[in-house]
Amino acid sequence: MTAPQRLPEASRLRATQWPMVLGLTLLWLLLWGTPTPANIVTGVLVALLVVLVFPLPPIEKQSRPHPLGILRFVARFALDMVVSSWRINRSILALGRPRCAVLAVQMRCPGDLLLTATAVAVTAVPGSTVLEVDRRSGTLYLHVLGGDREEDLARARRDALRLETRVVEAFGTAADVAAIRASQTAQEVFGRWR
């Protein structure tokens with residue numbers, strides 16, 4: 001595997017800082033409410049000052065969008081929303097108080113970007129929310145509605161891992177996709193390990 005090609009320090013700073021200058025200028029204009037020439041000039045000056053005082057570190061590319069993977073992710077995510085809403089309604093309308101559980105799910109691709117995207121997607125699906133993310137081990141701690149039985153907890157764990165798989169197939173690098181597929185193959189051969 002080859003290392004990513006690094007740009008000279010001045011080029012890297014220039015390449016990473018200009019989008020920030022543009023964004024900060026836009027934020028300045030939104031805060032002032034009117035895009036007058038004076039507001040634009042002062043916005044650019046304030047943005048340049050902020051960028052010079054607080055420079056951004058170089059950003060390594062951590063994702064690569066895959067159009068077919070994104071389409072699969074969106075379609076399955078919409079289906080997950082409908083199915084989870086149905087489960088929540090059934091749980092709410094049942095007699096008694098619904099049980100909840102907290103469970104830890106270790107992700108297979110613990111990169112920051114994919115871990116964050118998976119946590120957001122898991123939280124967006126009704127019935128589960130991410131309580132904590134352990135970045136070092138790549139573990140999501142989920143609060144799950146309807147965790148009465150062991151089968152419900154196993155299903156919630158499988159749902160989170162499937163969601164991670166779809167996120168990785170939509171936005172991951174080739175190495176991330178290969179790691180997910182290798183993990184799935186190992187699980188099929190050896191079974192689920194703890």
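Author: One term is needed at the outset: helices are DSSP runs of H or I with at least four residues, numbered from the N terminus. Please note also that this is a predicted model.

Reader: Thank you. Where do Trp28 and Trp32 lie?
Author: Both lie in helix α1, which covers residues 9-32. Four residues, about one turn of the helix, separate Trp28 from Trp32.

Reader: And are they buried or exposed?
Author: Trp28 is partly exposed, with a relative accessible area of 22%. Trp32 is exposed, at 52%.

Reader: How many aromatic pairs are found in the whole structure?
Author: The search finds three aromatic pairs. In one of them, the rings of Trp28 and Trp32 have centres 5.9 Å apart and planes at 50 degrees, so this pair is tilted.

Reader: What about Phe73 and Phe77: stacked or tilted?
Author: Phe73 and Phe77 form a stacked pair, with 5.6 Å from centre to centre and 25 degrees between the planes. They are four residues apart in helix α3, so about one helical turn separates them. Both Phe73 and Phe77 are buried.

Reader: Which residues do ring pairs link into a cluster?
Author: The cluster consists of Phe73, Phe77 and Phe171.

Reader: Let us turn to the sheet. What is the order of its strands?
Author: The order is β1-β3-β2, in an open sheet of three strands with antiparallel pairing. β1 and β2 (128-134) stand at the edges with a single partner strand each, so one side of each has no neighbour in the sheet. On average, neighbouring strands are turned by 25 degrees against each other, direction ignored.

Reader: How many bridges join β1 to β3?
Author: Seven bridges join β1 to β3 (residues 139-145). Within that pairing, Val102 has His143 as its bridge partner in β3. β2 and β3 pair over six bridges, and the partner of Val130 in β3 is Leu142.

Reader: Which helix packs on the sheet?
Author: That is α5, which touches β1 and β3; its direction makes about 45 degrees with that of β1.

Reader: Which way do the side chains of β1 point?
Author: They alternate along residues 100-106.

Reader: What does Val105 contact, its neighbours within four places in sequence aside?
Author: Val105 is in contact with Gly138, Thr139, Leu140, Leu142, Arg157, Ala160 and Leu161.

Reader: Which members of the largest nonpolar core touch the most other members?
Author: Of its 27 residues, these are Phe73, Val105, Leu140, Leu142 and Leu163. The elements that give two or more residues to this core are α3 (67-93), β1, α4 (112-124), β3, α5 (150-171) and α6 (174-190). The largest share, eight residues, comes from α5.

Reader: Staying with α5, is Arg166 buried or exposed?
Author: Arg166, which is found in helix α5, is buried, with a relative accessible area of 13%. Apart from neighbours within four places in sequence, Arg166 is in contact with Arg72, Phe73, Arg76 and Asp80.

Reader: Finally, how many disulfides does the search of the whole structure find?
Author: It finds zero disulfides. As for individual cysteines, Cys100 is partly exposed, with a relative accessible area of 41%, and Cys109 counts as buried at 5%.

Conventions: Residues numbered from 1 in each chain as written. Predicted model: local features only at pLDDT ≥ 70, side-chain atom pairs only at ≥ 80, totals over all residues. Heavy atoms only, no water. Buried < 20%, exposed > 50% of the residue type's maximum accessible area, 1.4 Å probe, protein only. Pairing = 2+ DSSP bridges. Disulfide = S-S within 2.5 Å. Core = buried A, V, L, I, M, F, W, Y, C linked by side-chain atoms within 4.5 Å. Contact = heavy atoms within 4.5 Å. Phe/Tyr/Trp six-rings, centres within 6.5 Å; stacked < 30°, edge-to-face > 60°. Axes fitted to C-alpha atoms, helices over the stretch in contact; angles between N-to-C directions.
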